[in-house]
Amino acid sequence: MKRIACAFLFGVSVFLMLIGCVSAMEEMPAEKPGLAVVASPQRYTLYPLVPRFGDVVGLTNATGYTLTSFDLFNATMLEAQPDTENLLTSELEDGQSVLIALSGHPTLKQQLLQESAEVFVYNAYDWEGDLYWGSFDPEKDAWNIVLTLDQLDQEASLEDIPSFGPTIVVANHTDAVLQSLYIGHVPPQQMDGSQTNLLGTQSLDANKEARIAVADLPELAEDLVFDAYATLYVTAFDREGNRYMKLWHPTTDRWAVALDYEALSYPGEGQYPLTIANETGRTLWYLYALSEAAYQAGSYAGDLLGLDLLGEGEETTVDLANLEDLAQALRGDADEAVHIVGLDSDGATYHRLYRPREGTTYLVLGSEDLVGVPQEGGPTLLVRNETGEDLWFLYVSSVELTEPEQGGKDMLGDAIWENGTLFSFSLPPIESETVMYLYAYDLYDTVYHKTWKLSDGWDVTFREEDVSF
């Protein structure tokens, strides 16, 4: 009986438990759908897809620079309209895309939509005035043109302007609007308001060109011929009063001048640019601009070339205002000349006088300016001090000396030969194989020793390692 009773009680317990579970399940809330949406990745395109032969043409800028203009044309359009048409209504920054509505450009739309459309060419300019170009085939290419740095053409745009032709071209390769433009002999810091603004009431927008007929510049007629070594200033001012200036040499430069941001505010107040052309027939290793006193003392300091060389036919532009010794000569009322001296690798010297008061900023060193060559009475020797010390005495002898001062006359006299400067003096006539011994002393009686003969050329340099122990 106990077993039956226990079994009965166990059955009742299980039944009650089942009823409790069912009740608990009936009381649980229904499961809600998840907040996340499970789906495949969305379709991706690097550049917008533009329907071919639709109402728009797309342009994506991937050049790395901001574009200021874009033009699209074929041969038919070029023949009818040679000047650029800007299809952009605003600047297009790098990484941005724009849709160009063809409804605003009916000629372009008609040419694009005609059967068997011609191949098109696109031109684009960035804010620095650089040109990008490429071709576009409406029947094969995507109608979203992607412009990259590969389309940059650094040699294009202005190279086809003929020199000594009927026109001078000045291009605005800034993103500023230029409101005045001048070409003449007067540097911008000396302009007095009497100069003619070649733009008149016009303005020169970014990437636009000003074309000036040579016939309208009679005052420059003598400068615009092949055999004139003229230097002219091309100067412009934008609406904010910023100044842009470039030196232009009609004989050697292109007759298309690009004003860019390198020309901004140059030369500034107190600057004095001079362009020196090398027509000596030799490469110049050193170039100096010396005052009258420095030239007479043979004190050659401040090499204008630095580590560079000036080859035959090349030219360099220097700012004479950086040379303190020339302050007097560069005054507007001064009549003092500046001595321009060039040296080749053999130490041959070329010398020409430059007179700032005459107003020119271009000078040619030619073969006719050669000085410092072997002359009657003996060669002229050029010695450079690169010892790191100022030298106080210089002796020269045809025999080696144990006491250099026994060599007789001190070639420096009362002068001190400063470190980094050049000194020149004449030697008596000597045989080609004669060896000359040169001794130089600094303030502390340190002796520097060099040997020289005619076959070594006319240039001798004393260096730190030439110390005689």
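User: What does the secondary structure of the protein come to?
Analyst: Four helices and 26 strands. Keep in mind that this is a predicted model.

User: Fine. How many residues are in the protein, and what share is buried?
Analyst: The protein has 469 residues, and 42% of them are buried.

User: And the accessible surface, what does that come to?
Analyst: About 26,500 Å² for the protein. Carbon and sulfur atoms account for 51% of that surface.

User: Contacts next. Taking residues at least 6 apart in sequence, what percentage of contacts join residues at least 24 apart?
Analyst: That share is 64% in the protein.

User: Let's go to single residues. Where is S69 found?
Analyst: In strand β2, which covers residues 67-73.

User: Is S69 buried or exposed?
Analyst: S69 is buried, because its relative accessibility is 8% and the cut-off for buried is under 20%.

User: What is S69 in contact with, leaving aside neighbours within four places in sequence?
Analyst: N86 and L88, then N123, A124 and Y125, and also N207.

User: Switching to V257. Which strand is that in?
Analyst: V257 belongs to strand β13, residues 256-259.

User: Why does V257 count as buried?
Analyst: Because V257 has a relative accessibility of 7%, and buried means under 20%.

User: What separates the C-alpha atoms of V257 and I161?
Analyst: A distance of 10.0 Å, with the two residues 96 apart along the chain.

Note on methods: Residues numbered from 1 in each chain as written. Predicted model: local features only at pLDDT ≥ 70, side-chain atom pairs only at ≥ 80, totals over all residues. Heavy atoms only, no water. Helix = DSSP H or I, 4+ residues; strand = E, 2+ residues; numbered from the N terminus. Buried < 20%, exposed > 50% of the residue type's maximum accessible area, 1.4 Å probe, protein only. Contact = heavy atoms within 4.5 Å. Areas by Shrake-Rupley, 256 points an atom, 1.4 Å probe, with all protein chains shown as cover.
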